[in-house]
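Colleague: I have a new model open and would like to know how its labels were given. Could you walk me through them?

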Amino acid sequence: MIEQEFAKTVAWLLRIQAILAALSGLGFAMIGGMGWALAALIGGAIGVFLTVLTALRVGLALGRDPKVMVRAFYRAMALKFVLAVIMFVIVAQWFAGYFLPVVTGYAATAVAYWLAMRKMANLPLSTSETE
Amino acid sequence: MEASVELAGLIAQIQANTVIVVGLMFVAAAIGTAFGFAILGSKFLESAARQPELAGMLQVRMFIIAGLLDALSIIGVAFAALLMFANPLLGPIQQAAGG
């Protein structure tokens, strides 16, 4: 049951992230043309990719012993951070002219987490969800 | 000759200040993330020990909060990477030197 809840939340999160990345791409297409739009979409794609990767790693440990869950969680977050740094270094080194739209695209995908948190805050914290 | 030495001095000054700022950005990102994840993990374990049946659900909520926690420090580190590898603050000096 909790696996389904997690999968549902992640699917919702990814959908919102894709929409926000597309919106930022559209915004930058109007401001700076196709190059900027593509850069914003790449930033969004980085955010979506990192979310998928983290969700897969966290999801695999779901429902196990809390110690295992926390270990898997920290490992997933460390991997996410390292991959993000590598990707942003690549972007900064070779696509420096498009850095602002890339970071904005990524930041747009981070907004999805705020929305997800707001959505989760409205859900009841009951044990029936875990059954 | 004198102008090129002055130019090199200006570039060195900007790069030195950039290095300090990049260091501060890394430190702030590391401290913020470390404290955030430490509190998040400890509270999760505390809650899971108190109510084990909620552990799965708390993990879902922890995932969402961790996404936010990570995102801000990643954006900071991304800007630090930009300053390190393609410093835009050197642009005006390079333009002045070229023109």
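**Salt bridges and exposure**

Modeller: Happy to! Start with B:E46 and B:R50, whose side chains meet in a salt bridge at 3.5 Å, N to O. The model is predicted, so local features need pLDDT of at least 70 and side-chain atom pairs count only at pLDDT 80 or more, while totals for chains, interfaces and linings use all residues. Side-chain values use heavy atoms, without hydrogens and water, residues are numbered from 1 along each chain as its sequence is written, and chains are lettered from A and ligands numbered from 1 in the order in which they are written.

Colleague: Why is the contact between B:E46 and B:R50 called a salt bridge?

Modeller: The term asks for a side-chain nitrogen of Lys or Arg within 4 Å of a carboxyl oxygen of Asp or Glu. B:E46 and B:R50 have 3.5 Å from N to O, so the pair qualifies.

Colleague: What makes B:R50 exposed?

Modeller: Its relative accessible area is 65%, and exposed means over 50%, buried under 20% and partly exposed in between (1.4 Å probe, protein chains only). B:R50 is therefore exposed.

Colleague: And why is B:E46 called partly exposed?

Modeller: B:E46 has 39% relative accessibility, so it falls in the in-between class.

Colleague: Which residue forms a salt bridge with A:K80?

Modeller: That is B:D70, with the closest N and O atoms 4.0 Å apart. B:D70 lies in chain B and A:K80 in chain A, so the pair joins two chains. Both residues are buried.

Methods. Helices (H or I, at least four residues) and strands (E, at least two) are DSSP runs, numbered from the N terminus.
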